[in-house]
Amino acid sequence: MAYDESNIFARILRGEIPADRVYEDEHALAFHDIGPQAPVHVLVIPKGAYVSMADFGANAPPELVTGFFRAVARVAHDLGLEEGGYRVLANHGADAGQEVPHFHVHVCGGGPLGRLIARGG
Ligand code: 5GP
């Protein structure tokens, strides 16, 4: 799948539309999800044109992969989620319900999150 430069997260990265940003460094940007599914629900996206988990895992340079996942852990730490616990989740493709075709992980916490897997819906 080719990367679509007009996707909503690409536009947030370019500063064309606003987001409630919580962290940014050379590798990653984090901002609150517009439709939170947990008391704290933040999205972390890499600075690079990667459609999905598969694309990022296969094609991102090692320093970006490392920097990105360090940023994910730092965001969870900075938001105070480490002690209580948190969940990191990436949706890839149709069956997972991926809506935005720019690789991102959800960082959710701030209270009990329930079971991991939901089927159907
Ligand atoms: P996906 O289903 O692709 O893993 O998750 C996409 C997420 O992006 C959803 O949780 C949705 O609420 C969030 N989202 C979609 N559009 C926007 C937006 O314009 N701003 C923000 N902050 N989040 C968005």
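Helices (H or I, at least four residues) and strands (E, at least two) are taken here as DSSP runs and are numbered from the N terminus. The structure is a predicted model, in which local features need pLDDT of at least 70 and side-chain atom pairs count only at pLDDT 80 or more, while totals for chains, interfaces and linings use all residues. Residues are numbered from 1 along each chain as its sequence is written, and side-chain values use heavy atoms, with hydrogens and water left out.

The largest pocket has a volume of about 980 Å³; a pocket is an open set of points, on a 1 Å grid over the protein atoms alone, where a 1.4 Å probe fits and where protein lies on both sides within 12 Å along at least five of seven lines, and lining residues have an atom within 4 Å of a point. The lining of this pocket comprises 34 residues, of which D33, Q37, H41, N91 and H106 are the closest to its centre. At least two lining residues come from each of helix 1 (8–13), strand 2 (28–32), strand 3 (40–46), strand 4 (86–89), helix 4 (93–96) and strand 5 (105–109), and helix 1 supplies the largest share, three residues. By class, the lining holds 18 nonpolar, ten polar and six charged residues.

The ligand sits in the largest pocket, in the sense that more than half of its atoms lie within 2 Å of the grid points. The ligand is surrounded by 16 residues, the closest being D33, N91, E99, H104 and H106, where a residue is counted if one of its heavy atoms lies within 4 Å. Helix 1 and strand 2 each supply at least two residues of this shell, with helix 1 giving the most, three residues, and the shell divides into seven nonpolar, seven polar and two charged residues.

A nitrogen atom of the ligand is 2.9 Å from a polar backbone atom of H32, and a nitrogen atom of the ligand is 3.2 Å from a polar backbone atom of I34. An oxygen atom of the ligand lies 2.9 Å from an N or O atom in the side chain of N91. Of the 520 Å² of accessible area that the ligand has on its own, the protein covers 84%, as computed by the Shrake-Rupley method with a 1.4 Å probe.

Conventions:
Points joined across faces, edges and corners; volume = space filled by probe spheres on them. Nonpolar A, V, L, I, M, F, W, Y, C, P; charged D, E, K, R; others polar. Polar contact = N/O pair within 3.5 Å; in protein donor to acceptor, adjacent residues only side chain to side chain.
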